[in-house]
Amino acid sequence: MTGPERAVPPEPVLTVRGLRVGFDVPAGRLPAVAGVDLTLHRGEILALVGESGSGKSALAMSLVGLNRGPRTHVDGEVEFAGRDLVAATERELRAVRGKDVAVVFQDSLAALNPLHRVGDQVVEMMRAHRPTPRRQGMERAVELLGEVGIASPRANARALPHQMSGGMRQRVMIAMGLANDPAVLIADEPTTALDVTIQAQVLSVLRRARAEHGTTVLLITHDLGVVAEVADRVAVMYAGRIVEQGTRDEVLLNPQHPYTVGLLGSVPPLDGPVLDRLPAIPGQPVTGVERPTGCAFAARCAHAGPACAEQPDLRVRHGGPGHLDACVLPAADRPAGARGGPDTVGRQPQAKERGRS
C-alpha cells in the first residue's frame, strides 16, 4: 500500500453539520441531501461513493454554493476557516472558490472555455484571487501543467481545449484547481470516461497534491477500484444520507451496511471463474420527492426487519471506534459481508487491481 497507509492528521479543515439540499421540481421538493454530517481532515483523501442520484455531487457543490438558485434550498452549516459557507454571501463565496476550496468538474470539455488557450485559463484562475504579472503567471502555469503530467507543458499551454485529449483536459482542470494552493480540492468523478492508463495518471496527480502541498481532497466517485487505490477514508452515500463511514480498509474489508456490501459485491473479480452475470442490488434507488420515514434502503434489503421502520442514525455499532454505519440490524442479522466474512476480505485486492490496470 502507498498513500492511504499513512496516518491522517486529526486537524479538521472543513466540517459539515446537518447539511440539507432540496430542489424544487413539479412534484414538490426533491431532498437531494437529507442531513449530512462530515469532516474533512487536513491532508487526507476522502472518497464519497454511491450510485448515481445518491446526492454526492449535490453535496459537494453545496460546500461552495455552486448550486444556489431560486429553486434550490440549502440548510445546515459548512464551517471553513471559522466561517459558515452556507450563510456566506455570493461575494464572500467568490473569494473562497478557487482560492481556498477548488473544484475539478467531471466534464472538462464543458468546464474549459473553448476560445482560450489552456495556459491562459490557468493564469486567469491565479489572477482572479491575487495580482499576478502575466509573464510570471504563465511561467507558473507551465510549471503546474508539468506537475500534473502534461508532456511539453510550454507548448501545450498554447493549445485550445479541443486540441487536447480527455485525459489532458482533466489534468488541466486539476492544474487550475491547484493554481492557488487551495486547502481543499473537490474532484467530481475526475476519472470517468478515461482509459485506465490515464486514470492512473490522474490519481497520481491527486496523491502528489496531497503529499507535496498538504491538500485535502474530496473525491467523488462510483469506482471502488479508485477508492481502493487512493482513499484514506470512505463515506458511502445512499438517498441523500451517509450510511457508512470509516477508513478505506474498514469500509472495504469489513463493511457494516448492507448497501455497502451490495456495492462491493458488484465489483467484477479478476480471478476465478468468469461470471455470466454480476450480482446486483435488487430494486431501484429512491429518487422521488417522497422518501420513506425509516431506512431508505429497507425496500431493497433482504435482511430488513421491523426495526428498519425507524430512521437510523449514523454511529458506531459493530465496527471500530471510527467506523460508523446507519444499519439498526444486529450483527447476526446482517449479510455475511457486514460481519467481516472472508468473501468480503477478498474484494479489496480485486478492486485495487482493477483501478491499477
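## Cavities

A cavity is a set of grid points where a 1.4 Å probe fits but cannot get out. This is a predicted model, and it holds 4 cavities of 30 Å³ or more. The largest cavity has about 80 Å³ of space. It is lined by 14 residues, and those nearest its centre are His 257, Cys 295, Cys 301, Cys 308 and Cys 327. By class, this lining is made up of 12 nonpolar residues, 1 polar and 1 charged.

The second largest cavity holds about 50 Å³. Its lining consists of Glu 147, Val 148, Leu 178, Val 205, Arg 208, Ala 209, Glu 212 and His 213. Helix α8 gives the most to this lining, with 5 residues. The lining of the second largest cavity counts 4 nonpolar, 1 polar and 3 charged residues.

## Packing of α7 and α8

Two packed helices are described by the angle between their axes and the distance between the axes. For helix α7 (residues 166-178) and helix α8 (residues 196-213), the axes come within 10 Å and cross at roughly 10°. Angles under 35 degrees count as roughly parallel, and α7 and α8 are therefore roughly parallel to each other.

On the α7 side, the contact is made by Gly 167, Arg 171, Ile 174 and Leu 178. On the α8 side, it is made by Ile 198, Gln 201, Val 202, Val 205, Leu 206 and Ala 209. The contact of α7 with α8 divides into 7 nonpolar, 2 polar and 1 charged residues. Leu 178, Val 205 and Ala 209 belong to this contact and also line the second largest cavity.

## Sheets

Strand β3 (residues 45-49) pairs with strand β9 (residues 233-238) in the parallel sense over 4 bridges, and Leu 46 stands opposite Arg 233 in β9.

Another open sheet is formed by 4 strands in the order β2-β1-β4-β5, and its pairing is antiparallel. Its edge strands, β2 (28-41) and β5 (83-84), each pair on one side only. Strand β4 (residues 72-80) is joined to β5 by 2 bridges, and the two run antiparallel. Phe 80 stands opposite Arg 83 in β5.

The largest pocket has a volume of about 430 Å³. It is lined by 18 residues, of which Val 103, Phe 105, Ala 111, Met 125 and Met 176 are the closest to its centre. Strand β6 (101-104), helix α4 (118-127) and helix α7 are the elements that give two or more residues to this lining. The lining of the largest pocket comprises 11 nonpolar, 5 polar and 2 charged residues.

The second largest pocket has about 310 Å³ of space. Among the 15 residues that line it, Glu 51, His 222, Leu 224, Leu 263 and Ser 266 are the closest to its centre. This lining divides into 8 nonpolar, 4 polar and 3 charged residues.

Key
Residues numbered from 1 in each chain as written. Predicted model: local features only at pLDDT ≥ 70, side-chain atom pairs only at ≥ 80, totals over all residues. Heavy atoms only, no water. Axes fitted to C-alpha atoms, helices over the stretch in contact; angles between N-to-C directions. Parallel < 35°, antiparallel > 145°, perpendicular 65-115°, else oblique. Contact = heavy atoms within 4.5 Å. Nonpolar A, V, L, I, M, F, W, Y, C, P; charged D, E, K, R; others polar. 1 Å grid on protein atoms, 1.4 Å probe; cavity = no way out; pocket = protein on both sides within 12 Å on 5 of 7 lines; lining within 4 Å. Points joined across faces, edges and corners; volume = space filled by probe spheres on them. Pairing = 2+ DSSP bridges.
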